[in-house]
Amino acid sequence: MESDDYYDIRGPEQASGVFDLRSHPKTLREGLIQAVRRRLSQPLPVILDAQGFAYCEEPDSGPNPHWTQQVFALQQQMEIALSQRVPMITRVERVYTINFAVFQPTDWETLAALFGQMPGWVAARPLPHWYGEPKASPPFIVARIEKQGLRVRALITTHEWLGWDTFLRKNLHRVPTRPAGFT
């Protein structure tokens, strides 16, 4: 997806293969993954982390239609087994077209204040991040400054992503930007 405010490297509409099972006890999560994988004709490798997230290994070449179909089949089987919805975490990589080349000191102050007002703000060091530590389990959003703009990576619930992204895009007019696709 692309607009004047941003362009996507990996859009939020793509399957992430990361499922939030934190609301279930650890023994249930482990048994669920094993049982569901046995039901599938072509089971995906699934890693269950200590926090309760299940990760489907992505192909080296990135998501493709076959992998995506397998991910949705896994999700469907988990939902059938649990008799409830199993949320998939949204994985996004987006560049907001902030023009850092023309930033003045007041623009940096405005951006810092904006970051602090955004949902889930945690800290600015080592990189600005929201909701959690970027090297830990989801949820998290992390940003870094690049020539093209503010590059953001997120592994977060869809609801949290939509709130965060909407807030930022509504406030981008407060700092210098440039057209999407500018290099």
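This is a predicted model: local features need pLDDT of at least 70, side-chain atom pairs count only at pLDDT 80 or more; totals for chains, interfaces and linings use all residues.
The protein chain has 183 residues, of which 43% count as buried. Its C-alpha trace spans about 60 × 30 × 25 Å along the principal axes. There are 4 helices and 9 strands in the protein chain, and when they are read along the sequence they follow the pattern β-β-α-β-β-α-β-α-β-β-β-β-α. Among the contacts in the chain with a separation of 6 or more, 65% are made by residues 24 or more positions apart.

The buried residues of H4 are Trp161, Trp164, Asp165, Leu168 and Asn171. Seen down the axis of H4, these buried residues fall within an arc of 140 degrees, so they line one face of the helix. On the other side of H4, His159 and Lys170 are exposed. As for what lies over the buried residues of H4, the cover includes helix H3 (105-117) together with strand S5 (90-96), strand S7 (129-130), strand S8 (140-146) and strand S9 (149-156).

Asp165 is buried because its relative accessible area is 3%, whereas Arg169, at 30% relative accessibility, counts as partly exposed.

Another salt bridge is formed by the side chains of Arg151 and Glu93, at 2.6 Å from N to O. Arg151 lies in strand S9 and Glu93 in strand S5, so this pair ties together parts that are 58 residues apart in sequence. Arg144 and Glu146 form a further salt bridge, in which the closest N and O atoms are 2.6 Å apart. In this pair Arg144 is partly exposed, with 40% relative accessibility, while Glu146 counts as buried because its relative accessibility is 18%, and buried here means under 20%.

Turning from side-chain pairs to open space, the largest pocket holds about 230 Å³. Its lining is made up of Trp108, Leu111, Ala112, Phe115, Trp121, Ala124, Arg125, Pro126, Leu127, Pro128, Ile145 and Leu150. The element that gives the most to this lining is H3, with 4 residues.

Helix H3 also contains Gly116. This glycine is partly exposed, with a relative accessible area of 40%. Gly116 and Asp60 are 56 residues apart in sequence, and from C-alpha to C-alpha they are 36 Å apart in space.

Gln70 has its place in helix H2, which covers residues 65-82. At 15% relative accessibility, Gln70 counts as buried. When its neighbours within four places in sequence are left aside, Gln70 is in contact with Gln42 and Leu44.

Most residues other than glycine have a negative phi. Ser83, however, has a positive phi near 60 degrees, although this residue is not glycine. Ser83 lies in the loop between H2 and S5, and it is exposed, with a relative accessible area of 66%. Tyr131 likewise has a positive phi, of about 70 degrees, without being a glycine. The place of Tyr131 is in the loop between S7 and S8, and with a relative accessible area of 26% Tyr131 counts as partly exposed.

How values were computed. Residues are numbered from 1 along each chain as its sequence is written. Side-chain values use heavy atoms; hydrogens and water are left out. Buried means under 20% relative accessible area, exposed over 50%, partly exposed in between (1.4 Å probe, protein chains only). Helices (H or I, at least four residues) and strands (E, at least two) are DSSP runs, numbered from the N terminus. The arc is that of the directions from the helix axis to the C-beta atoms. Contact means heavy atoms within 4.5 Å. A salt bridge is a side-chain nitrogen of Lys or Arg within 4 Å of a carboxyl oxygen of Asp or Glu. On a 1 Å grid over the protein atoms alone, a cavity is a set of points where a 1.4 Å probe fits but cannot get out, and a pocket is an open set with protein on both sides within 12 Å along at least five of seven lines; lining residues have an atom within 4 Å of a point. Grid points are joined across faces, edges and corners, and a volume is the space filled by probe spheres set on the points.
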